[in-house]
Amino acid sequence: MTNDHDRPDAIVSVRGLRTHYVDRQWWFQRLRGRQPAAVRAVDGVDLDIRRGEVVCLVGESGSGKTTLGRAILRLAPATHGQIFFEGRDITGLRGAEFRRLRPKMQMIFQDPHGSLSPRLRVSDLLTEPYRIHDVPADQRYSVAELLEMVELSATLAEKYPHELSGGQARRIGIARALSLHPDFLVADEPTAGLDVSAAAKILSLMRSLRASHGLTYLVITHNLRIVDYLADRLAVMYLGRVAEIGPAEQVLDAPAHPYTRALLDSVSEPDPHRRQGRRRLLLPGEIPSPKNPPSGCSFHPRCRFAEAVCREVPPLAEVDSRHLASCHLSSKIRAAGTPV
Amino acid sequence: MTIAPAPDRVPPTSAGLRPLLGRLVRRPAGAFGVAVVAALLLVAVFAPHVVPYDGATQDIPNRLQGPSGSHLLGTDGLGRDLLSRILLGVRIELAVALPAVCTSLVLGLLLGLVAGYRGGWVDNAVVVFMDTIQAFPSVVLALVLVAVLGPSLTNLVIVVAITFAPQSARVTRASVLALRQSPFIEAERALGAGTLRIIGVHVLPNVIAPLFILLAMNIPSAITVEAGLSFLGMGVQPPTPSWGVILSEGFADVYEAPWAVLWTALALVLTTIGFTTLGETLRDVSDPRLSGAKGLRYDR
Amino acid sequence: MTDDGRIKNDPYLLEVDGLDVTYHSQGRALAALQDVTITARPGEIIGIVGESGCGKSTLSAALLGLLPPNGEVTGGRALYQGRDLFTLGPEERRRLRGTEISMVFQDPLTSLNPTLTIGSQMLDVLRAHSPARADRAEARRRIVEMLERVGIPDPAARLRSYPHEFSGGQRQRIMIAMALLLEPALLIADEVTSALDVTLEAQILQLLCDLRDERGTTILFITHDLGVVAQICDRVVVMYAGRTVEEAEVTELFDRPLHPYTEALLASVPSRRRRGSELPTIPGRVPSLAELPEGCAFANRCAHAEPCCGEQRPRYVEVTGQRVRCHLYDPESGHANLRQPSAATTGRKEQP
C-alpha cells in the first residue's frame, strides 16, 4: 500500500512482512491453553525501494527498524509476507540458490569492531567474501583496491580488527560489503559510535560510493540529521509498522504523523540562537513493548492529539502525492504547522 | 583513548607456537610450568634408558629401605628401587592421560559445537546427556565402566575420555553460544558464508584456545583418576609401575616405610602444579586482545 | 534563561588552571592533559566538546580524584570554591565527591550494581555521607522525592526494583537522581545521552536544564554531539588531544568559531544545507598521546598550518571575549596570515 506500489523499477519490494518471535516456552503456554506470546518486531510492512534511491528508516529502538532491515536480507525470519528482490520472490529461497543471490544484497553492520571476525587480518577479512563465493581471480578486487575504495591506507592490510579505530573498522565493513559488487546495501546505524569527523567521512564516502557503484541504500538510523543529509525517502516506524513514509523533505518539513513530529521536535536544535523561543513538545514516556502493543492506533497512549477515533487502527493513507501516513488526524497534524 | 598506542605485535594464533612459547616463558609461572611439563615428557621418553634399576627386579633382603646412596628414594615392599619405579611410572601416566584427555577434548568439542550452534532439541539432548554423566562422581562412573569393560590400559583411556568429555563440551558450548550471538557471525552470514565455513573459520579458532588450557588442566586430573582406579585395582595391574599401583602397594607398609607413598604423592603434586600453572599462564597469554598489544582505555 | 541575564562577574565555582595530567605506561610518560583551563560560574552549563581521545574523560576523572593508578596530576590547579582540589587529602576528596561534586556516566547499566535494589543503592549514597546515621524514614522520603523529581513513576513502589527492571531511559534518570541526592553544586555529566534515542535524549536534556534552573547546579556536560551543546550549554570548551583549544559563549562559538579545529568540527555536521555535496571532513586522525608534536597538536591536520605551528606550542589567547589556542590569533606567534578578531567576525553566519 505504499506510494510506489508495483513500480517496475523497484529493486526491493516488501509485502505484508511480519517478523514475530515466539516465546521460548510457547509449548508450555499451549499446554495451559493460552495463545503463546509473540514479540511482534515487524508487524505488517509494505515497502518499495527503487533502484538508486536512498531510503532511510527511522524510529526509536524497539520500533522494529533493524529487524525489518535484517528481514529484507533474510537475516531475520519473515513469519508472514513476501520479499521481492529485482522482481523475484526470495522469501522461500534456500541453500545454494539463495547464496547465489547474496552478493547482490549486502549489509553494513552497526557495531564496527564486533562485525569483524577478531582473529582474521584485514587482508583476510577483505578476501573472505571471494573465498565464500569462489569468485574467479579475474573478477576480484585486490586488497589494495578495496582499501583504496574506502579511502584507507594499504598499510592496514596486515592489521587485526582490534588495532583499528572505529572509523577504520567501519570502512573495512563497507569494503567487505562492496567486494561482491552489490546492488543493494542495508546500512544499520552507519555512524553509530563514531566521532563527528569520522561520521562525516563515512557519510561522504557512502554518498560518493552510491554514485560510483550505482548503489541503492536502505539506511537504518535514529539520527534525523543523517536523514536530512542523505535520504531521498523517509519511512518512520513505530512498533513494527510504518507510521509515515514519503519524500524525505516533505516528511521532515510537513510531517503528517504525530510521532514523526515528536521525533523532529526531539532533535537538538543545532543553532543556539533559536533555542530560546522554542518550547519543544517532548514525547512523554517510552516506546511500549512489542510483546503487547496498545490496541487501536499503537501510538495513541503517547499522542497528545489522540481522540476517540484513535481506538481504531488507522490505515496507511495518502496525505499528499507519494506521502502516506497512518493517522486518523493527519490533515489536522499537517495544518498545525511544521515543527520550529 | 588509547594511552599506549598498540604496537604492531603479532597475535599468537596465526604466528604459530614460537612467540606464544616465548611469552609463556617470560612469566615466572609460565617458565615453571613449561619446565615441569618438559621434564615429565623427557622422563617419559628416556626413563627406560636412564633409570638406575629396571624397577621390576625384586630384592627382598633390601626391602622397605629409606633413601640411601644406592637407592636414592629407597625401596618398596619387594625391595624394588622407588626412584626407578616412579620415573617409569611417568610413562604409564602420560600414556593414559594424554590420549584420554585428547580424546575427551575432541569428543567434547564436537558435541559442544553441535549443541551450541544448532541449538534447539539437539542442544537440550546433549546437555541432558552431559549432566547425567557429570552427576556421577568421576571415580564411581569410571568404576562402573571398568566393571563393564574390564581392567586394561585401553579401557582405562576410554573410561577417562568419557568421564572428561562433558567438561570440554560445556566449555565449547558456552563459547559457541556467546559467539553465535556476536555480530561478526551475522556479518559472515550476510556475506553468504555457509554453516560449515562459519564454524570452521570463525567459530573454531575462537573456542579452541580455552580447550588447550583445559588440556593442560585436565591432565593432572586424569592422572589422579588413573592413580585412584589403579589403587583400587581397577586400572593398571601390578607389577606395571603406575603411580596408582605404587601408591596402593606402598600403603601396605605405610607405617613401617612411608617413602613409597610420600614420593609418589609428591610426584603427583608436582605434576599437578606444573600442568595447572602452565594452563593458567596459557590462558593469560593466548588472547591477542589481553596480552601484548594492550592499550589502556579511558575514553569511551 | 541565563544566556544573557547572568551576572558576568560572579565568583567562579570551579577554576581549572593549566592542568597537566600524565599517564605512565610501559616506562613512558604520556601527557594526557596539557594546560587545560576551564572556568565555571554557579548555575552554568559548560559543554566540553571533543572527539574520543581528546581527554574529556581524563579531565572528569582528575576533577573527581579518580585517576587510574598510572595517572598523575603533574601541574596546574583546580580551584573549587577557592580550594585547590589537588592539595586535599584522600578523605577530604572522598567527602567532596557526591556532596559537592558528583558524576553521571554514559552507561547506566554498568554504573549501577545489578545485585542491589535501587532503594538500597540510593540509601548507601546517603549513608556514606551523612555524619549521624540518617533517620531511615527521612532518608526514604528524600529518595522517593528525588526519584519522583527525575520522573520515575510510582517511585515508592519501585525502590525495591533492581536496575534491570528499569528501561534505559529510566536508568539514566535514576543515575541522575543518585548524583543529585546530596545536592552537589557541581555535576559532571559524561556523555549521558549518547546511548539514548532522540526522544529520550530530549527528555533527559530537559530534565537537566530544569534541575539547573531549580537548584542552580553547575553542570560540566561532556559530549561529542554539537547539537546537544547548542541545545543546552551556556558556554563551550573545545578540547583537542588533551588541550583546551577554544572557549566561548555558545552562541559565539557557533557563529564564529575561531580555532580551525572548531570550524572543521562544526562544518562536518550533516544537514540539509550540505545535501548532495561532500561533507567537509578533517584529514588524518587525532595524534596518539605518544606522538604529540612539539607545537600545535592540530597542525598536521590544519589547512592554515605554517612552520611556526609545528615548532612552538600556541598560547591560550583572549580574542573578543573568546579564548583560543592558535597562532592565527596571537600577534607574537609570527604566523604569516594572522587573523584579526574583526576579520574572524566577518565569517558570521546569516541569520534566517
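The model is predicted: local features need pLDDT of at least 70, side-chain atom pairs count only at pLDDT 80 or more, and totals for chains, interfaces and linings use all residues. Residues are numbered from 1 along each chain as its sequence is written, and chains are lettered from A in the order in which they are written.

**Select chain C.** The C-alpha trace spans about 70 × 50 × 40 Å along its principal axes. Colour by burial: 45% of the 352 residues count as buried, with 20 or more other C-beta atoms, placed from the backbone, within 10 Å of their own.

Show residues in contact, meaning C-beta atoms placed from the backbone lie within 7 Å. Chain A gives 33 residues and chain C gives 37. On the chain A side, the elements giving two or more residues are α7 (196-213), α8 (224-230) and α10. α7(A) gives the most, with 7 residues.

**Zoom to α10(A), residues 258-266, and α9(C), residues 198-215.** Their axes come within 8 Å and cross at roughly 50 degrees. Axes are lines fitted to C-alpha atoms over the stretch in contact, with angles from 0 to 180 degrees between N-to-C directions. Now show side chains: A262(A), L263(A) and S266(A) meet V198(C), T199(C), E201(C) and A202(C).

How values were computed. Helix = DSSP H or I, 4+ residues; strand = E, 2+ residues; numbered from the N terminus. Contact = placed C-beta atoms within 7 Å. Buried ≥ 20, exposed ≤ 12 C-beta atoms within 10 Å, placed from the backbone.
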